[in-house]
Each structure stands twice: as C-alpha cells, then as structure tokens.
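Have the model open in a viewer and follow along.

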Amino acid sequence: MRIQHWESSNYSGPAKKVETRHPPLTKNTSSQTHAVYADWLGDHAFTKIHGSRFAYIVGEMARGIATPRMVIAAAQAGLVGFYGSAGLKPETIASGLDEIEAALGKGAPAWGANLIHTPQQPGYERAVVDLFLSRGVARVSASAFMQLSPEIVRYSAAGVSRADDGTITRSTHVFAKVSRAEVARQFMAPAPDAILKQLVARADITPEQAEIAASVPVALDITAEADSGGHTDNRAAGPLFSSLVQARREVCEIHNLNGDDIRIGLGGGIGTPWAAAAAFQMGAAYIITGSVNQAAAESGLSLAGRKLLADAGPADVAMAPAADMFEQGVEVQVLKRGTLFAMRGCRMREIYRTRTGFADCTPQEQAFIEAALGETYASAWEKTRAFMAGTNPKELEKAEADLRHQLALVFRRYLFFGAQWAREGEESRLRDYQIWCGPAMGAFNEWVKGSPLEALENRTVKQIALNLMDGAAHLTGLQARRARGENIPQSAFDYRAGLFE
C-alpha cells in the first residue's frame, strides 16, 4: 500500500482542504504517471537496513518525552522511533525497553534508544551501554558527543562481525547526531586505534571485533542537527548539510571508504512539508522530527505543556542556560511564549557571572532569585545539599568551600526542575516550564491552522509523519515536473493537512 500523493488536477488554484485521505492500494498509472510517493523519498538502503517503510525518524526527546508509547506508534506506522532514554536511570530505561519489546516483539526493527554523552556523570554512559548490549538494542542515537568516547565505540564495535564470504555485518547501528563537521568526521572514520586497544585490554570487545572496527566507520548514519529544540548550535540546514557532505568525501578519501555507505540525514526545523521536501531535495537520506512530536498524543510532556506548544509561533523560542552545563555557558533552545523560564534562567546566569554568592547579590537580585525558586534561598540550598550528598559528595564538598559554586548548584536545580514540572504538568509552576522547542513547532502550528491537525487530540506521530511525508512527495513531484519544463503555478505548491486512515 502506498500513500496517495495529493495533486490538483487543473492547477486553477490552491488545493482544497481534505479532512480524510484514503491511500490507494496500487499506483493509478493512468492519472498519476508522474506521481512521487512518500516511501520513495530518501535513501532506500536506510529503509531496507532499518526495517521501516519511510525514511523518517521520530527523534529521541530526552528524559522520556519520547515515550515507549511513541516509539511503538512510530514503528507501527512504518517510521523509525527512538526512545528518549537520555537522563533516565538505567532501571527506568530497562522498564521502557520492556514496554517496547512487549508491543513490537523481541528483535523488532525500526526502533532504538538514545545514548547521551555524560562525562560529568562517571559510570553512567557505561551502565547504559551495558544495558543496551545485554538487551539487544540494535540502534542507538548518540547525542551531545564532541569527541568519541570509549563507550560509543564499544557499542559500535561490539556489533561488527565477518560473514563466511568475508563481508562485514553489523548488529548494532550508531546514529550520530552532530551539528559540526569536526564531530561528524570522527563518527564517519574508523575508531581510533588507542580506544580499540583499550577496549580489547578491558575485554569489552574481542581482538577480531577491534580489527574489523579499525576498517569501517563508527557510524553509518549521521544526523545533521540544524536549528532545533534543546541543545543546538542554531545552524542553518543548508550550510550544515553541505558541510557534512564535504566531510564525508574527505574522510572516505583518507580512509579508503565507500562514501555510499555513509548516510547523512537531516533534522532541525522540519515541521512542514516544504521543509521535509527541501531536506530530501538536498540529498538527505532520511529526515528526523523532534519539536513537533512533543505536542503529539504519545508525548511524555504534560497536557498543559502541549497546549503551550500548540499556541507557539515560529519566533516564540529563546535560548536559555542548560541545566547540565550551566557553568560552561551552554544553552538550550526552549519555548518562550507562555513561560518565564528563559528570562529567569538568563538572569540567573548573569547573576552567577557577576556575584560570588547569594550574600553578594543586591536585595533586588535576592528577591528575584527567591521569587523564581518559589522558596527561600536557604531552603533551596538545603534541598540541593541533601541531593548532592547522596549523588555527588565531591561536588558538595566543593560547594561547601565555594559559595559561588553553591549558587550555581541551586540555579542548576531550578533549571532541572523546569523540565520536570513541564513533564508532570505542575500547575503552580506553569510559568517556569522548560519546554525544549525549535522554530519548527511554530511553523507546524501555522500550517495546520484550520485543519484537523489543529486539534491536539489528532496530533499523533503517525498523522504528523504521514502529512509531512505525503506533502513532501506532492511538492517533490511538482518540482520535478517544473524542472522538465511544465508550467506549474505557485498555487499548486500549497498542501493542506488532513487525516490519514
């Protein structure tokens, strides 16, 4: 069964709004000779290897916002879904894997989980990789890596083997999410010899696996992350994608690799058919969506948070300090409309930069801090202190001796809870919600206004994906006809959202 592309027969005006669409079982060659179908878009090797119908990934929104339910819905709709396991405890991740496997079956294709680089939490990355390997998680989306770690190399190398005919096969697949060519090059190249020797010495991989890993890329799927929600470099999609294409060519020439084996996908800013079509026109092997799925029915975000997202416009986003890297000045992109989180977070960062501790703050600054915290500073510090005593005593020892570091830990606690309040729907902290969001969300809202997808209850990952992919196919087909010399009017390039059955 193929998704029907939507075509205006006489191009006399914009396509009319369609409430419900019924995909045809077979191609109608008499009336759709030049049709482009959604499952033709992207790299066919991607769909074959990962077992999906469409070259489309439902991205791994951290801390469980991309829920097991969302992964299941994605896989059942012919998409690839990634579980938002970053930031969750290993036992919570294991429970999520149980839920996914119960619904899809052991060893089912088209899904994976997130592995986030966590140098500030010694042992966490290793524990998660141990879990993934023991449970047979075949796909991992690696995020926040600025350089390769032994654990991501271990996951990649543990899945390589050589068949009887000499061909190399993989049972583990790394999807490297990057926004810089220098990081992409590390994943496109074979693993460094020093890391492979370290892994062999620890008996994490076999000598044969190390030998194979030294001749193949660490990751065959490279996700170019443009202007997105959460951690982002706010990169424009076009320059970023072309940069990675050039990096692939250079790496393959240096290491004598086949460039066709390395697939480059694109995410960030994809919330409409026009953005999806542009990604595929550039040559993206697949596309990945994130922000738009946070408002989906399967999202782990609270209803209150999803309602805020549904009201957002393309400009209703802002940069705010990241909880995990507050002192380093790292930022995340969040929803601005309806919350004060970004403004409060930025002011906290400025206070941290200019003050030696809470006592050094002006009365106005102290009043602001306690109003944002919703309690006295002393109370907030005691709660922070109790938490750090059980999780990171060394960090607590540093804070006891350095009042400025103490201030940073209290601010980090506020930033962390902003995301938790948004997930849990804490009504009293609505204005402090931290909702990771890129401009794609606002573009999506503008596009679906007046359509069935304007209603939150109709925003499932399946309906979002099928509309984006069908729309991208519609636009791609029209552009191909225009390139062949046909006179296609501008109005024909409209595409309205509807519901697929």
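Arg-202 is partly exposed, its relative accessible area being 37%; here buried means under 20% relative accessible area, exposed over 50%, and partly exposed in between, using a 1.4 Å probe and protein chains only. Before going further, some housekeeping: this is a predicted model, where local features need pLDDT of at least 70 and side-chain atom pairs count only at pLDDT 80 or more, while totals for chains, interfaces and linings use all residues. Residues are numbered from 1 along each chain as its sequence is written, and side-chain values use heavy atoms, with hydrogens and water left out.

Back to Arg-202, which forms a salt bridge with Glu-151, the closest N and O atoms lying 3.4 Å apart. A salt bridge here is a side-chain nitrogen of Lys or Arg within 4 Å of a carboxyl oxygen of Asp or Glu. The helices and strands are DSSP runs (H or I, at least four residues, for helices; E, at least two, for strands), numbered from the N terminus.

Glu-151 has another partner, Arg-154, and there the closest N and O atoms are 2.7 Å apart. Glu-151 and Arg-154 are both in helix α5 (residues 150–157), three residues apart, or about one turn of the helix. Are these two buried or exposed? Glu-151 counts as buried at 8% relative accessibility, and Arg-154 counts as buried at 4%.

How many salt bridges does a search of the whole structure find? The tally is 29. One of them joins Lys-177 to Glu-60, with the closest N and O atoms 3.0 Å apart. This pair also links distant parts of the chain: Lys-177 belongs to strand β8 (residues 173–178), and Glu-60 to the loop between β2 (56–58) and α2 (68–76), 117 residues apart. Lys-177 is buried at 17% relative accessibility, and Glu-60 is buried too, with a relative accessible area of 7%.

Now return to α5 and look at how it packs. The axes of α5 and α7 come within 10 Å and cross at roughly 75°, so α5 is roughly perpendicular to α7. Axes are lines fitted to C-alpha atoms, for helices over the stretch in contact, with angles running from 0 to 180 degrees between N-to-C directions. For the wording, under 35 degrees is roughly parallel, over 145 roughly antiparallel, 65 to 115 roughly perpendicular, and the rest oblique. On the α5 side, Pro-150, Val-153 and Arg-154 meet Ile-195, Leu-196, Gln-198 and Leu-199 of α7, where contact means heavy atoms within 4.5 Å.

Next stop is helix α18 (residues 440–448), which is mostly covered, with seven of its nine residues buried. Which residues of α18 are buried? They are Ala-440, Met-441, Gly-442, Phe-444, Asn-445, Trp-447 and Val-448. These buried residues pack against α10 (273–282), α11 (291–294), α12 (303–310) and α19 (461–483). Just after α18, Gly-450 takes a positive phi of about 85°.

Zooming out, the domain assignment of the protein chain gives domain 1 (38–301) and domain 2 (306–434); such bounds come from an automatic or database domain assignment. The C-alpha centres of domain 1 and domain 2 lie 30 Å apart, and the contact takes 17 residues from domain 1 and 13 residues from domain 2.

Finally, the backbone. Ala-144 has a phi near 70°, a positive value in a residue other than glycine. Ala-144 is found in the loop between β5 (139–143) and α5, and is partly exposed with a relative accessible area of 38%. Asn-234 likewise shows a positive value in a residue other than glycine, its phi being near 55°. Asn-234 lies in the loop between β10 (230–231) and α9 (237–255), and counts as partly exposed at 36% relative accessibility.

Gly-229 is in the loop between β9 (221–225) and β10. Leaving aside neighbours within four places in sequence, Gly-229 is in contact with Ser-291, Gln-333, Trp-436, Cys-437 and Gly-438.
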